[in-house]
Amino acid sequence: MLVPKSYSWTAARARLPPSRQVLHTLHNPRTWALFGVVALLVLLWRSTGSAAGDMQRFYCWGPAKSPMHMTANENEEWYRHRQTPVIFNPHKPIVINDSSITYVNLNEIQSTVDAVKKRERVLVLTPIREASKHLPQHFDLLSSLTYPHDLIDLAFLVGDSEDDTVAALAKELERVQGNPEVAFHSTMIVEKDFGVKMSQEVHDRHSFEAQGPRRKALARARNYLLATALKPEHSWVYWRDVDIYDSPPEIIEDFVLHDRDVIVPNVWFHRYREVDGKMVDIEGRFDYNSWQETPESLKVVANVEKDKDLVLAEGYKNLKIFGLRNHMALQGDWREDKDVEIPLDGIGGVNIIVKADVHRSGINFPCYAFENQAETEGFAKMAKRAGYGVYGLPNYVVWHVDTDEKPGNA
């Protein structure tokens, strides 16, 4: 553009506002307020333009609708380039309301030395036959046990009895359970006959000829009682004969402290004879079924193994095994340390404390010849075969009723 000749710099400057007026305008608050408003409008315009651009980009990459409004096909088309997410939540509880389903957690059932502190349940089992006369003493001893009675369950099996054993047992249970100070957690009476006709007289049931059939029948009675009474909540099983004369009240606590799979005491009996004008207790040895094998006895056992059905019975001269095994009954002294242990290969059944898991594992009382032993001695053989420990306490004595047996089998 050409400037006319009459237009000069001097003329242009004359048309500009005076400098004083410019400075006055710059110092005017209204000028700065107007400048701020214009700046704010510019910023808002630029931000609106950025959001519009983002929306334009979203529109380009996806359908022009909310995912909530997509059809199934549109949703599949939009997400097919992505893998299906998988969320694992193993801690989400499952609620089962079907009352026909019972849950049992045996992992929580333990047999420990802290049985009382951990409130471990004890099942006391007693098979009986024509034993009415022993029941009052039996329940007096049970009532004196110091293990908490609310943790003890009692179970009895009565079989092949021709007397009033069931009635007498029921009356004794009613007497004990009616006393809140000694009542037990629960009691059970099981009745099962096995067709045993053998007399309960000592000379009959302890004769050599009776041992095989008698021990097999007794083994069946023990197994029936165990299968009926053992519950998931039981930690210990205490087998206790009805004809025990005396035993320490703290016997359960004493035995669980040893933490053994199977453990038995020594079993003696009181018998008084006059010596030099005084009555003296001979402290007779009763249970010869708790024993240890010896090299000599193992040789005999190896020979008799050919007869798989032969049941060896201890304490009878009729068998070559007589006198070859180490009998716990001939060892020990109740005046010495009661906690001394010895390993055993066979045990008697007067007083046995067993960890319940031993029975749950299938170790019971063979009613047949197992390694030429039956009932409690077969039980010990079976337990050891399965890897469980079987022990005896030679100085811990439980006193049995004196059966006044004839010499010869002891």
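Because the model is predicted, local features were considered at pLDDT of at least 70 and side-chain atom pairs only at pLDDT 80 or more, whereas totals for chains, interfaces and linings use all residues. Residues are numbered from 1 along each chain as its sequence is written, and side-chain values use heavy atoms, with hydrogens and water left out.

The protein contains twelve helices and 14 strands, taken as DSSP runs numbered from the N terminus (H or I over at least four residues for helices, E over at least two for strands). Of its 410 residues, 40% count as buried, that is, under 20% relative accessible area with a 1.4 Å probe and protein chains only. Among contacts (heavy atoms within 4.5 Å) with a separation of 6 or more, 78% join residues 24 or more positions apart.

Strand β1 (residues 121-128) is largely enclosed by the rest of the structure, because eight of its eight residues are buried. In a regular strand the side chains alternate between the two faces of the sheet. In β1, Arg121, Leu123, Leu125 and Pro127 point one way, while Val122, Val124, Thr126 and Ile128 point the other way. Pairing, for which DSSP must find at least two bridges between two strands, is parallel on both counts: β1 pairs with β4 (residues 234-240) over five bridges, Val122 standing opposite Trp236, and with β2 (residues 152-158) over seven bridges, Thr126 standing opposite Phe156. From β1 the chain crosses through helix α5 (residues 135-143) to β2 in a right-handed β-α-β crossover, the path from the first strand over the helix to the second running clockwise when the strands point away from the viewer.

Ile252 touches Val122, Leu145, Tyr147, Ile152, Tyr238 and Ile353, not counting residues up to four places away in sequence.

Phe184 lies in the loop between α6 and β3 (186-191) and counts as buried, at 5% relative accessibility. With residues up to four places away in sequence not counted, Phe184 touches, among others, Ile152, Leu154 and Ser143. Phe184 and Ser143 are 41 residues apart in sequence and 8.7 Å apart in space, C-alpha to C-alpha.

How values were computed. Buried < 20%, exposed > 50% of the residue type's maximum accessible area, 1.4 Å probe, protein only.
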